[in-house]
Amino acid sequence: MKTFILLAAVAGCGKSTWANNFKKDHPNTFIVSSDELRKELGGDYQNFDHEKEVWELFFSRIEGYAKDYDDVTVIADSTNVFNKYRLYYGKNIKGFDKKVLLILKKNIDELLKQNLSRDKEKIVPEEVIHNMYRDFEEPSQEVIDCYDEVVTLTKWF
């Protein structure tokens with residue numbers, strides 16, 4: 001079975017932690033992270049100079065794993081706080097038997113605290129977290145219809 005999991009959460013919520021913990025218990029799991037691609041292409045997690053290339057590579061790696069493996073789970077690790085991005089992946093990612101939208105939620109105080117406990121190079125400016133938290137969209141019915149499963153977690157570590 002080929003499963004695609006799209007993570008959706010505010011920066012600092014624990015998306016990468018969740019993905020890495022999932023991978024430990026599930027063989028044949030690959031994580032495609034926009035932050036890691038920024039570091040790979042630009043040398044820094046906060047380097048946004050190569051966004052076009054980051055997102056092209058993000059998309060192609062996801063689909064590449066589906067082409068290369070018969071039994072695979074691919075986790076797309078990025079914020080995806082807006083429905084337009086969730087729709088894009090739900091409608092355009094090909095090659096998977098199952099698509100899951102996984103929403104991770106924390107209150108703002110937990111987000112800010114967790115953000116400060118990250119490696120220094122991964123800390124997100126507080127204003128960005130506040131803006132994401134304020135602007136986070138609940139999945140619309142159109143988004144829900146693009147996925148086989150929509151899950152919201154508030155406790156995972």
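Me: Which residues of α3 do S34, L37, R38, E40 and L41 in α2 meet?
Reply: This is a predicted model, where local features need pLDDT of at least 70, side-chain atom pairs count only at pLDDT 80 or more, and totals for chains, interfaces and linings use all residues. Residues are numbered from 1 along each chain as its sequence is written, and side-chain values use heavy atoms, with hydrogens and water left out. Contact means heavy atoms within 4.5 Å. By that cut-off, the five named residues of α2 meet E51, E53, V54, W55, L57, F58 and R61 in α3.

Me: How do the residues of the contact of α2 with α3 divide into nonpolar, polar and charged?
Reply: Ala, Val, Leu, Ile, Met, Phe, Trp, Tyr, Cys and Pro count as nonpolar, Asp, Glu, Lys and Arg as charged, and the others, Gly among them, as polar. On that basis the contact holds 6 nonpolar, 1 polar and 5 charged.

Me: At what angle do the axes of α2 and α3 cross, and why is α2 oblique to α3?
Reply: Helices are DSSP runs (H or I, at least four residues), strands likewise (E, at least two), numbered from the N terminus. Axes are lines fitted to C-alpha atoms, for helices over the stretch in contact, and angles run from 0 to 180 degrees between N-to-C directions. The axes of α2 (residues 34-42) and α3 (residues 51-68) come within 9 Å and cross at roughly 125°. Angles under 35 degrees count as roughly parallel, over 145 as roughly antiparallel, 65 to 115 as roughly perpendicular and the rest as oblique, so α2 is oblique to α3.

Me: Which residues of α2 are buried, and why are they on the same side?
Reply: Buried means under 20% relative accessible area, exposed over 50%, partly exposed in between (1.4 Å probe, protein chains only). Their cover includes β2, α3 and β3. The residues are S34, L37 and R38.

Me: Which strands do the buried residues of α1 pack against?
Reply: In α1 (residues 15-25), K15, W18, A19 and F22 are buried. They cover an arc of only 95° around the axis, which puts them on the same side of α1. They pack against β1 (2-8), β2 (29-33), β3 (72-77), β4 (98-104) and β5 (149-153).

Me: Which residues does T73 touch?
Reply: T73 is in strand β3. T73 is buried, at 13% relative accessibility. Not counting residues up to four places away in sequence, T73 touches T3, I5, F22, N28, T29 and F30.

Me: Is N28 buried or partly exposed?
Reply: N28 is found in the loop between α1 and β2. Its phi is positive, about 60°, although N28 is not a glycine. Most residues other than glycine have a negative phi. With a relative accessible area of 40%, N28 is partly exposed.

Me: And N80, buried or exposed?
Reply: N80 is in the loop between β3 and α4 (83-92). Phi of N80 is near 45°, a positive value in a residue other than glycine. At 5% relative accessibility, N80 is buried.

Me: Which residues make the contact of α5 with α6?
Reply: α5 (residues 108-116) and α6 (residues 126-135) pack at about 150°, with axes 11 Å apart. The contact residues divide into 5 nonpolar, 2 polar and 1 charged. They are I108, L111, L112 and N115 of α5 and E126, I129, H130 and Y133 of α6.

Note on methods:
Arc of directions from axis to C-beta.
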